[in-house]
Amino acid sequence: MCATCGCSDGAVSRVVGEQTHDHEHSHDHGGHTHDHEHSHDHGGHTHDHEHSHDHEQSARKTISLEQGVLAKNDALAAKNRAWFAGREILALNLVSSPGSGKTTLLERTIRDLKGEFGIAVIEGDQETSNDADRIRAAGAPAVQVNTGTGCHLEAEMVARGLGVLKPVARSVLLIENVGNLVCPAMFDLGERAKIVVLSVTEGEDKPLKYPHMFRAAQVMLLNKIDLLPHVDFNVAAVIENARLVNPGIEIIQLSARSGAGLDKWYGWIRRQAASPAALAVES
């Protein structure tokens, strides 16, 4: 997980349009140094490796670091969740592999629902503002969060994005996370639900390969079903695999291009926005 793998070491996130630069977001992961104390006295053929002691210390340090990073993020996520609840904002965190069609789905959703809801978007990518530009062209305010070398959004980044975006009360906030099926599963952003998007151009075994993400998601959107006649993809198998990992996951088959199944996706959003439970602060 990102607390220990080093993918965000030294990473500085940037919220495009943010006026202040006092919140540079970096991770000090302790340097991940391993002092093995390799003493080699070749004159006497002695080898003092002290591996066991050092690795035990490193393991304890790693566990402590993981707990600290996630605890800090969870505390900030709780503040975000309370902020959303106080303004009756329905926040949804969309996660997927790169190329699943998240941005196209958001564009279509905005065009079809902007007459019913105020919709705003936080876009997460390592670099560029391309997706935020597409979202604004579709008719919704958007802010781009560039994570640099980081491979996921974190609660602090979302809070900074909200400061720029300023979504209106009783609106829907769509958060497009960085394309990645590993790290975003670990990091709560304060959202009401994680929505995992899987396309039929990927493998049916994705839920088994990335169980943490599918276990954390409340909904799986199976996208690009218009391509089913042209790809070798077993819909029944991917549904079975998803439910092996998460028996309660809701599955909606759709195509952002053709519009097939979008009525079910929109119905789900409407039910969540209308339900007081959807906006309650979770413990």
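Analyst: The account below takes the aromatic pairs in turn and then passes to two further sites. The model is a predicted one.

A pair of aromatic rings is described by two quantities, the distance of the centres and the angle of the planes. In this model the count comes to two aromatic pairs. One of them is formed by Trp83 and Phe84, whose ring centres lie 5.9 Å apart with 80° between the planes. Because planes over 60 degrees apart count as edge-to-face, the pair of Trp83 and Phe84 is assigned to that class. As to covering, Trp83 has a relative accessible area of 26% and is therefore partly exposed, whereas Phe84, at 3%, counts as buried.

The rings of Trp265 and Trp268 also form a pair, with centres 5.9 Å apart and planes at 10°. Planes under 30 degrees apart count as stacked, so the pair of Trp265 and Trp268 is stacked. Both residues belong to helix α9, which spans residues 262–274. Trp265 and Trp268 are three residues apart there, and so about one helical turn separates them. In general, an α-helix has 3.6 residues a turn, so residues three or four places apart point the same way. Trp265 is buried at 0% relative accessibility, and Trp268 is buried as well, at 5%.

Helix α5 comprises residues 155–165. This helix is mostly covered, since eight of its 11 residues fall under the 20% limit for buried residues. Among the buried residues of α5 are Met157, Val158, Leu162 and Leu165, together with Arg160. Glu156 also lies in α5 and, with a relative accessible area of 16%, is buried. Between the C-alpha atoms of Glu156 and Lys79 the distance is 9.8 Å, although 77 residues separate the two in sequence. Just after α5, Lys166 takes a positive phi of about 50°.

The other site is Asn246, placed in the loop between α8 (235–245) and β10 (250–253). Asn246 counts as buried, its relative accessibility being 12%. A polar atom of the Asn246 side chain lies 3.1 Å from the backbone oxygen of Phe214. Leaving aside residues up to four places away in sequence, Asn246 touches Phe214, Arg215 and Ala217.

Note on methods
Residues numbered from 1 in each chain as written. Predicted model: local features only at pLDDT ≥ 70, side-chain atom pairs only at ≥ 80, totals over all residues. Heavy atoms only, no water. Helix = DSSP H or I, 4+ residues; strand = E, 2+ residues; numbered from the N terminus. Buried < 20%, exposed > 50% of the residue type's maximum accessible area, 1.4 Å probe, protein only. Polar contact = N/O pair within 3.5 Å; in protein donor to acceptor, adjacent residues only side chain to side chain. Contact = heavy atoms within 4.5 Å. Phe/Tyr/Trp six-rings, centres within 6.5 Å; stacked < 30°, edge-to-face > 60°.
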